Amino acid sequence: MRALFRRLLDASHEQRELDLDERRQEIHQEVQERLARSLIPHSFGSGPLFPTDWRDRHPPSASLLDQPQQLAAADEVLRERLLGRTSLRIQEQDAVQVLMHLASQSGINLIIDPQVINAGGLVSLDATDITVEHALSWICRLIGTTWSQGNGGLYVGTQVDDAPVTALYDISDILFQPRDQVPRWRLGIVANDPGAATPGTLLGPTGDDEAASAIAPEDLVDEITQAVAPQTWTRPDCNIIIRRDTLLVTAPASAHVLIREFIRAYLQRSRLLVGINARWVTIADSYLEEIGVKWSTTGSLLTLPGPGTSGFRRVTSQFDHEGELINTLPAAALAPNPSTVGSGLNFSGVLLDAVQLSAVFTAVERRRWVNEVEGSEIVTFNGVRAHCFIGRFISYLGGYDVAAGAGDGFGATLTPSVSVLRLGALLEVKPFVSSDRKYVTMEFGSTLAVLQGFNSETVQAIRSYPVGFDPLAGNGQGQPIVQNAVQNFDVELPNVQYTELRTYVMIPDGGTMLVGGWGRYIEQSMSAKIPFLGHLPFLGRLFGQRGRYSDRHQLSLLVTVNIIDYSELEERF
């Protein structure tokens, strides 16, 4: 009993160790799979990844013009009084007297420009419980002037601008203009074919797809002077000087704020990035079934005596009967690949008696389901064409060139000519971001080239070899003795499935669109049988053959776009 218990305990320990080893292997395999998945780069929908010490490397910086101005104590008191409430009911009153009365009532120091006093003017205003600031603004608007605050008081009249400040602006980013990147090849086309594609250099494309030239510094200065405070540049103490890729600007502080905003908006618009993810999705589901019986020795697994192929034979002293039944299905719209001949279940039966019977029963069923995704991703600047090719080059024997032999004309032969196929996926895009940065309008093109196989053709050529010399031939001058030989040369003919789509689309930021696709649906049923006998219930299957075919194939192109704005990403980070 103790020995039996010991054996059972040992067996239990061994089984436990086996279970632990199996579990350790499963955990190890799972860890390896997770590591492999972690190394696979994912889509860039969330934008680039900033380093964790980004803020330490590049702390936020601001110039003196960016810092808020600190108000003096007198200006702070003046600001509080401007926010006070008042009510005015005036009708055709002198504007200067109204301003003086409002300033005296609010306790505000008021300086009125002599031009305003000389111009005068009558105002009418009926306002209840408004701020002193708004009341001043309405009165000045009625007489066509403005007011400003400074040095502890208010000034009514033409606003005096700030003193000019000189600052440097680096415009090298603006002057740099990315160029369109035009593909240098076409997929599925022989590389040595001069008409296959128009080659272009990677950094200097050719043809009509040339990128727009970069803006000149003079043009940039013209845009600034026309768009940013035009009246400022009429002053003799304000100007913009160009120093290669730097602007030396002398202008009031308010104009500098507008210039910085102009440059920021210009760069933000032109330096937007767009990420495009294009995926070719193939879904295929096919089904095949063939079943039938033929009465013949053809294709039988058994070796039968005699040269005949009859499935039925009866020989007597007076009669000799033979019969054969072979049902061949019509051609199907879906050609089985590989062929169903010799596949599936093949059952052969033979009855050797006065009546000889030979039957072959065949049955095959196939099902195929495919879900394949192939695509590419690319990031480019707003308005700049870019392309991405992911694939491989395959060399094949595409033909032969005639090579001359010796000077006597003998020994000429054919030398092989190697050609190259380009297979894979090619993505070509040119995106344009909308002004509100909600949508991407894109010129889109995608090509997919897949090798289906090679066909082979044989070319025959006759070659002549000298095998001797006849001194009496040729009127005694002698001629070589020639022997002709026929040689076979094989040529490879590739079969490439070529799928291309080119269109214009508009996709929302972060959205996905089905840009295009192709589908095929085949449902076919066929049968071949003997009239009357093939229609008998149950027994009819012995005198016929039937087949069912189904094929569903869908090829779709999905495109996802993401707008990448570094200024927004920095704020989030």
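Biologist: Is arginine 385 buried or exposed in this predicted model?

Modeller: Arginine 385 counts as buried, because its relative accessibility is 5%, and the cut-off for burial is under 20%.

Biologist: With which residue does the side chain of arginine 385 meet in a salt bridge?

Modeller: In general, side chains of opposite charge can pair when their charged atoms come close. Here the partner of arginine 385 is glutamate 428, with an N to O distance of 3.3 Å.

Biologist: Which residues are joined with Arg385 and Glu428 into one network?

Modeller: Glu443, Glu500 and Arg502 join them, through salt bridges that share partners.

Biologist: How many salt bridges does a search of the whole structure find?

Modeller: The search finds 13. One of them pairs glutamate 289 with arginine 546 at 3.1 Å, N to O. Glutamate 289 belongs to strand E9 and arginine 546 to strand E19, so this pair ties together parts that are 257 residues apart in sequence. Glutamate 289 counts as buried at 15% relative accessibility, whereas arginine 546 is partly exposed, its relative accessible area being 29%.

Biologist: What is the partner of arginine 437 in a salt bridge, and where does each residue lie?

Modeller: The partner is aspartate 565, and the closest N and O atoms are 2.8 Å apart. Arginine 437 lies in the loop between E15 and E16, and aspartate 565 in the loop between E19 and helix H10, so the pair ties together parts 128 residues apart in sequence. Arginine 437 is partly exposed, with a relative accessible area of 26%; aspartate 565 counts as buried at 7% relative accessibility.

Biologist: Turning to helices, at what angle do H8 and H9 pack?

Modeller: Two packed helices are described by the angle between their axes and the distance between the axes. For H8 (residues 217-227) and H9 (residues 253-270), the angle is about 125° and the axes are 11 Å apart. The two helices are therefore oblique to each other, and their crossing is right-handed.

Key. Residues numbered from 1 in each chain as written. Predicted model: local features only at pLDDT ≥ 70, side-chain atom pairs only at ≥ 80, totals over all residues. Heavy atoms only, no water. Axes fitted to C-alpha atoms, helices over the stretch in contact; angles between N-to-C directions. Helix = DSSP H or I, 4+ residues; strand = E, 2+ residues; numbered from the N terminus. Parallel < 35°, antiparallel > 145°, perpendicular 65-115°, else oblique. Left-handed = near helix turned anticlockwise from the far one by under 90°. Salt bridge = Lys/Arg side-chain N within 4 Å of Asp/Glu carboxyl O. Buried < 20%, exposed > 50% of the residue type's maximum accessible area, 1.4 Å probe, protein only.
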